[in-house]
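Hi,

Here is the structure I promised to send over. Have a look at it first, and then read on for what I found.

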Amino acid sequence: MFVNSRWPLLLPGFVLLSLASMVVLSVSVGPMAISFADSIKALLVDWVNWQAPVSAQNAIVISNIRLPRTLLCLSIGGILGLTGAVMQGVFRNPLADPGIIGVSSGAALGAGLGIVIFADLMVDLPDWLQLSTVSFFAFTFALAVCLLVYKLGTSSQGSSVVVMLLAGVAISAIAGAGMGMLTYIADDQSLRDLSLWQMGSMAGSNWISIIISSITLVFLLVVFMSSAKALNILLLGDAEAVHLGIDTVRLKRRLIFCCAIGLGVAVSIAGMIGFIGLIIPHLVRLLVGPSHQRLLPLSAMLGALLLLLADIIARTVMAPSEVPVGIITALLGSPFFIILLLQQRAKLGI
């Protein structure tokens, strides 16, 4: 592992600068041409009430469409990167990505049930309550899958990569069958919503979803950072952690529960967006080392940066049409996953 001694100090500032640049780029990109200068002016008018000559049309497009989408990318990407880093720490396994071990599929099945089965009951509910209902189902199924995979893949000898991957394959197959059945019985509107959920999309961004996802991200950061030292100790093994005074069972249950909350919210809002939780923690470890005090916040920041980049690509690669962002992250993450598998094979001498 290559860790430059200067990176822990330089990387946060570099990522923040990159995020600021990507935010401006994101609000400037779209079917309607708006220059960088006009985008910055519109942002300043929105955020600091700065008096600047900005056309009403540009201001509406940026404040009502592009800015909410950009902020949602930041919060959802942060949640995915953060939960990926924590799950890899809990399982002590570099392949413990929420998508690969079936957690995202379980959350999507829960969200699908909420959309299709309870669609008629939620028609008269306000938007925030509809989103909360779908999030609850997504969280419940994500938590159930987390606990099941943890139970199947962990023993007194440690965690098994093969068992977790096979469990993820089985769970994804079951969830796929469930989603297929929901697709079969769904009406036109529910079918459209399900299609967006399965491919992952940021097109449904609104201020309610931004508030919910941002609160979730802050909550997860507070909880996970308070457990960062315990996660570092957990890397030594369960037996060593117990000898050092860590209640490993309680710690893992709390962290898995919080990961399920984050994944439930992310999937219910943005759908199936994979590989961010797999790629980002590895990149951060290569740059700053395995300490979770640095790993967790940087994983959230780089996760936000990667999802924002993927969303910009999704909006521009086939403009004016839009590619679902989940397809872009899958194309970016699949080669990385193959490289990880080859590294694991080399370690085992296969």
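Please keep in mind that this is a predicted model. I started with Asp-311, which forms a salt bridge with Arg-315, with 3.2 Å between the closest N and O atoms. Both residues lie in helix α14, four residues apart, about one turn of the helix. Arg-315 is buried, at a relative accessible area of 11%.

Asp-311 also forms a salt bridge with Arg-69, and here the closest N and O atoms are 2.8 Å apart. Since Asp-311 sits in helix α14 (residues 292-316) and Arg-69 in helix α3, this pair ties together parts that are 242 residues apart in sequence. Asp-311 counts as buried at 0% relative accessibility, and Arg-69 counts as buried too, at 8%.

Arg-69 in turn forms a salt bridge with Glu-322, the closest N and O atoms being 2.6 Å apart. Glu-322 lies in the loop between α14 and α15 (325-348), so its pairing with Arg-69 of helix α3 ties together parts 253 residues apart in sequence. Glu-322 is partly exposed, with a relative accessible area of 37%.

The count comes to three salt bridges, and shared partners join Arg-69, Asp-311, Arg-315 and Glu-322 into one network.

One more residue to look at is Ala-85, which lies in helix α3 (residues 56-91). Ala-85 is buried, with a relative accessible area of 0%. Beyond its sequence neighbours within four places, Ala-85 contacts several residues, including Gly-277, Pro-281, His-292 and Leu-296. Ala-85 and Leu-296 are 211 residues apart in sequence, yet their C-alpha atoms are 6.5 Å apart in space.

Best wishes

Terms used:
Residues are numbered from 1 along each chain as its sequence is written. This is a predicted model: local features need pLDDT of at least 70, side-chain atom pairs count only at pLDDT 80 or more; totals for chains, interfaces and linings use all residues. Side-chain values use heavy atoms; hydrogens and water are left out. Helices (H or I, at least four residues) and strands (E, at least two) are DSSP runs, numbered from the N terminus. Buried means under 20% relative accessible area, exposed over 50%, partly exposed in between (1.4 Å probe, protein chains only). Contact means heavy atoms within 4.5 Å. A salt bridge is a side-chain nitrogen of Lys or Arg within 4 Å of a carboxyl oxygen of Asp or Glu.
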